[in-house]
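Colleague: I've just opened this one and I'm new to it. Can you walk me through what's there?
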Amino acid sequence: MTILNGKTAIVTGAGSGMGKAIAQTFAHEGANVTFADLHVQSAITAASATGVNHVQAIQADVTNDSDVANLVNQTVEVYHGLDIVINCAGVPQSFTSIEELTVEQWDVIMNVNTKSIFLTSKYAVPIMKQQKSGSIVTIASIAGIRARPGLNAYCASKGAAIMLTKALALELAPYQIRVNAINPGPADTPMIGKFLVGNEDQKEEGMKKIFQDSVPLGKLIQPEDIAQGALYLASDLAKMVTGEVLNIDGGRGI
Ligand SMILES: NC(=O)c1ccc[n+]([C@@H]2O[C@H](COP(=O)([O-])OP(=O)(O)OC[C@H]3O[C@@H](n4cnc5c(N)ncnc54)[C@H](O)[C@@H]3O)[C@@H](O)[C@H]2O)c1
């Protein structure tokens, strides 16, 4: 299938989990894809695994202004345009009471999960405005609308990501730039164990008890489930969809 034939996409956090699944799916659907990650080796490995030649990997810290500018510039230079930005890079929070949370932890979570969306938009939107088209999809979280105790900063960062999605959808609609978000529920990626404190066994046990049991459909969400939703929202299949937040969460948000 080639739903994204002729399109160019940037996917952040493409070295692992959902970002990797999204970037690989987009490449197989015909898009030119820049796999961006803080850990460039993981992005290179994920891009190479596609077996196609219309992909590249770029090292970028999504909290760093010049890294993000470079990410957009290099993508436009190589592929002569930019149609899709997927904001997927993110960091978790170990369950922490508000009085124990450090200012540094707060800043890292807000910067990676929220400021990054401002930065990718700041540099991608001028290109999309010139083209009079574009699609931005942010991987937020069901935690952005349904809180859990101890995930204070994480929930706040994802709530902000959702509201920024809606604000940008209105602001950019006159330019035919669509802006949407996906709220994954608890997902089967390397991130999930990091939400919990304790040793590895406890994390595994805790993951099953707290996360899997909280999903009405009874299973963790797979990265490919998120990739299918991102494919729909990024593509012309969703050409009249903007400001939307799609829960892919096995019913967790009900
Ligand atoms: N796993 C879950 O249960 C879950 C649930 C809801 C939402 N999410 C969100 O989905 C997104 C993807 O998470 P995942 O589960 O695939 O996690 P993951 O840990 O597998 O992947 C996250 C990727 O982001 C990259 N990254 C982190 N900080 C970065 C930075 N400053 N600059 C560039 N890249 C950076 C990491 O290197 C990693 O490759 C995140 O935004 C996460 O908050 C995850």
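This is a predicted model: local features need pLDDT of at least 70, side-chain atom pairs count only at pLDDT 80 or more; totals for chains, interfaces and linings use all residues.

Colleague: What else is in the loop between helix H7 (223–234) and strand E7 (245–248)?
Modeller: Leu237 has its place there. Leu237 counts as exposed because its relative accessibility is 58%. Together with Ile3 and Tyr232, Leu237 forms a nonpolar patch on the surface, and the three have about 280 Å² of accessible area between them.

Colleague: And Pro223, where is that found?
Modeller: In helix H7.

Colleague: Is Pro223 buried or exposed?
Modeller: Buried, because its relative accessibility is 10%, and the cut-off for buried is under 20%. The C-alpha atom of Pro223 is 7.0 Å from that of Asp188, though the two residues are 35 apart along the chain.

Colleague: Which of them gives the most?
Modeller: H1, with 3 residues.

Colleague: How many residues line the largest pocket altogether, and which lie nearest its centre?
Modeller: The lining has 42 residues, and Cys88, Ala89, Gly90, Val91 and Met191 are the ones nearest the centre. By type, the lining divides into 24 nonpolar, 11 polar and 7 charged residues.

Colleague: Okay, and what's the volume of the second largest pocket?
Modeller: About 310 Å³. It is lined by 16 residues, with Gly134, Gln176, Ile177, Arg178 and Lys239 closest to its centre.

Colleague: Which strands each supply at least two residues of that lining?
Modeller: Strand E5 (134–139) and strand E6 (177–184) do.

Colleague: How do the residues lining the second largest pocket divide?
Modeller: Into 6 nonpolar, 5 polar and 5 charged.

Colleague: Last one: how does anyone spot empty space like this?
Modeller: You roll a probe the size of a water molecule over the atoms, and that shows where empty space is left.

Key:
Residues are numbered from 1 along each chain as its sequence is written. Side-chain values use heavy atoms; hydrogens and water are left out. Patches are made of residues with over 30% relative accessible area and no salt bridge: like charges are joined within 9 Å, nonpolar side chains (Val, Leu, Ile, Met, Phe, Trp, Tyr) within 5 Å. Accessible areas come from the Shrake-Rupley method with a 1.4 Å probe; for residues, only the protein chains shown count as cover. A salt bridge is a side-chain nitrogen of Lys or Arg within 4 Å of a carboxyl oxygen of Asp or Glu. Helices (H or I, at least four residues) and strands (E, at least two) are DSSP runs, numbered from the N terminus. Buried means under 20% relative accessible area, exposed over 50%, partly exposed in between (1.4 Å probe, protein chains only). On a 1 Å grid over the protein atoms alone, a cavity is a set of points where a 1.4 Å probe fits but cannot get out, and a pocket is an open set with protein on both sides within 12 Å along at least five of seven lines; lining residues have an atom within 4 Å of a point. Ala, Val, Leu, Ile, Met, Phe, Trp, Tyr, Cys and Pro count as nonpolar, Asp, Glu, Lys and Arg as charged, and the others, Gly among them, as polar. Grid points are joined across faces, edges and corners, and a volume is the space filled by probe spheres set on the points.
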